[in-house]
Amino acid sequence: MNIGMFAGVGLLLTVVSVQSRPTGAPAAACSLIAPIGHTNTARILNNTVSYGLNTDIFTGGAYVPRKQYTLILNGTEVFKGLLVQARLMADQKTPVGNFTAGGVVKLSACDIPSSAVTHFNGDDKANATFVWTAPANGTGTIQFWYAVVVNYDPANLENTYYTMQTNPIRESNGGATVSPTALFWLVMAAVCIQAFKSY
């Protein structure tokens, strides 16, 4: 799968002193979408490693309220863990929409049920697929926040992970689409009406 189709901004590489969570991220990780309570050093990551979500499924960069979307987290290297949550862009913290568990992911222990997904084992993963149901009308622009744990060394209590946010995804204006055939007949009807009025 072409990694170029995946979008992620604000990519950071962080090496931290932390014991891995092979059965999924704890509730406390939800606020930052990253391992917490540890001294860490972050630096800008080069382009040799990349992880992202297939946000190209949002036509025109917009989601349709209450529609279900199948998202895929993929990367240039295998990974062991993840935490993904959609958030309101206005405050960058309010969870929006609902996730459905399946495959290599389960619902997280975040405060709001179904607001995020995480891994349930520490096995290597080439990708992770899950379903997100968009929020109701009037929610506004959102972003997906996610963390990917690439490796961990329990003996040395060291993790390597990435934290990312997608580009903004706006709410669809709800405008109905018109097929080319229907558009043709609408135009023809308008022309006929105009011609009739001119007599």
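Modeller: β3 pairs with strand β5 (residues 68–79) in the antiparallel sense, over 3 bridges. Two strands count as paired if DSSP finds at least two bridges between them. Strands here are DSSP runs (E, at least two residues), numbered from the N terminus. Tyr51 stands opposite Gly75 in β5.

The model is predicted, so local features need pLDDT of at least 70 and side-chain atom pairs count only at pLDDT 80 or more, while totals for chains, interfaces and linings use all residues. Residues are numbered from 1 along each chain as its sequence is written, and side-chain values use heavy atoms, leaving out hydrogens and water.

The open sheet has 4 strands, in the order β3-β5-β10-β7, with antiparallel pairing. β3 (51–53) and β7 (98–100) each have a single partner strand, so one side of each lacks a neighbour in the sheet.

Now β10 (residues 125–133), where Thr133 lies. The Thr133 side chain makes a polar contact with that of Gln68, at 3.4 Å. Such a contact is a pair of N or O atoms within 3.5 Å; within protein, one must be able to donate a hydrogen and the other to accept it, and residues adjacent in sequence count only if both atoms are side-chain atoms. Beyond four places in sequence, Thr133 is in contact (heavy atoms within 4.5 Å) with Arg66, Lys67, Gln68, Gly97 and Asn98.
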